[in-house]
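Biologist: I'm new to this one, so please walk me through it slowly.

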Amino acid sequence: MKRIKSIIETLGASFFPIGEGIFGRFLLIILMAFGIASHQVFAAEITTSVDRNPVSIDESFKIFFTASDTPDGDPDFAPLEQDFSIINQGQSSSSSWVNGTYSKSIRWTVEVTANKPGNLVIPAIKFGNDASNPLPVVVTQGTATGDSANTNEEIFLEVKATPEQLYVQSQVLYTIRLYRRVDVAQAELSEPELADAVIEKLGEDSNYNTVVDGVSYLVTERKYAIFPQKSGTMTIKPLSLTAAVIMDRQPDFRDFFGSRMTKTKRVLSKEVTLNVKPAPSSFTGKDWLAAEKLELSQEWSGDIQQMKVGEPLTRTLTLRGEGTTVGQLPELNKVVTDANLKTYPDQPVLNEQKLPGGISASRQEKIALIPATAGKHVLPAIEIPWFNTKSQAVEIARIPETTINVVGAIDNQPETTKPPKLLATPITKAESNTQVPVNNGVLQSSIWLWVSLFLALGWMATVIYFLQRRPKNQIPDDKEINRLKRETSLKESAKKLKEACASNDAQAAKKALLEWGKQKFDASSLGSIADNCDARLRDEILYLNNALYSKDNNEWTGKKLMQAFTENKAREKVASNDEAVLEPLHRL
């Protein structure tokens, strides 16, 4: 009811600022009745997530309850206390307005520790009449530290790569844990380095408390996803942490200016060696694709058994993968050889999410199909071979052969039946004196006619009011004009690059990249442009550069460059502004 009341108040403030009048009260009553009757339609969706899973029984972890709308009531966290102990809780909210669309997010954060090890379930939490979804979580018996752990130290680093034995382009989860039992004023942590690999930071850092050999530590955990791009033995260099450690918490330990005295400490992690194997010989697919999970699906905008000649129908193909990047997902649309079935593919929609458990990517392609003749038309099966890194086996994501049935041409709209004309009958004097009984139905229709007319006038008045308040178009300034010119130039350069890659024209691709890089980074060479791009696009640009000036005259194909370029654009849209260094861990 709290959310329904909020909606009603918003509508009332927009359409009836005075808040008085018979009609305003009448509308309020109708909206409340409608809201009560259809409460389930407005039920807020509340998702549950954790900062990591699994967790140790001697570690604290955070549970997040996120809603995209105001729930029906305040949360009741009492069911959590059956298997967990609540340490702290808080609430935050955010809102945004992007491309004319308003979005809102409310998050409740509950820090807990588990009361027992095992496979536990975070129960559904009620928010008035709304509720969150339950979530399983694995609680292990105790904390297992790496070889680098040394509980005699007041601050140390632990790094772990999972797995260390893998196939090329598979995902490696690289986890960094900073253990400390002292206060730190400021800290800076280096980034992992690995040649010929794509490295992506996963989400935000998590902080929790743990006990190692009877000693309490505050832990800051950071995760990366690493995708080695070549086989062989590869080594992730040791990370370096430089921290300003507060010498003592007592007020006597201050310098001349009254600041806490600190000492600088530098800590190194161990190096991690990866054994990267080439694609197995059992894989016979055209393009190597390694993932933890892959799903291929299709949807239709209408009934494929009742298509009509000349009437378009849209086919949506979606490929979702876990443990793989969006650049590794192949094209989905198969060439249709049926001359009587025209296809019009749209630009693919690429999406990539950086989750605590790894990279999740999707590729969606929409194709409009227009049949030219009646009958049955067969679309070929779509098969995507891929290597399952969990089961270590080759699998095939498949959409079987699809048959569509075209029944005929689009039906012409039937002519609207005209109402019969009423004959004018002269009224005699006797008939004019005859009393005609009043029809209650006509009277009710008349009342509702006036109510509808009144509603229409109110709507028109509201539209006129907002049109008058709408600000007049402003003449763009020089800065805005330059921005628009730059965007137009970037689009033109990207279009030229696409054409060059499609025709495998290396010189034209170089020219298009130079135009694009000049506008994007103010760079004048392929090398400097590559330095400003992500690893995959950088490698493809350097490969193009080598192909142009190599003596071997190797034949260059532009497909991989265009895929990397498209992936780079998708990353720019979805990537968050990750910090390059570790934020200050603690400040007094």
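Biologist: At what angle do helix H5 and helix H6 pack?

Modeller: Helix H5 (residues 478–502) packs against helix H6 (residues 506–521) at about 160°, and their axes lie 8 Å apart. That makes H5 roughly antiparallel to H6 (under 35 degrees counts as roughly parallel, over 145 as roughly antiparallel, 65 to 115 as roughly perpendicular, the rest as oblique). Axes are lines fitted to C-alpha atoms, for helices over the stretch in contact, with angles from 0 to 180 degrees between N-to-C directions. Helices (H or I, at least four residues) and strands (E, at least two) are DSSP runs numbered from the N terminus.

Biologist: And what is the model's origin?

Modeller: It is predicted, so local features need pLDDT of at least 70 and side-chain atom pairs 80 or more, while totals for chains, interfaces and linings use all residues. Residues are numbered from 1 along each chain as its sequence is written, and side-chain values use heavy atoms, without hydrogens or water.

Biologist: Which residues in H5 meet H6?

Modeller: Among them are Arg 486, Leu 490 and Leu 497, and the H6 side includes Ala 512, Leu 513 and Trp 516, where contact means heavy atoms within 4.5 Å.

Biologist: What is phi of Gln 169?

Modeller: Near 65°, a positive value in a residue other than glycine; Gln 169 lies in the loop between S12 and strand S13 (172–180). Most residues other than glycine have a negative phi.
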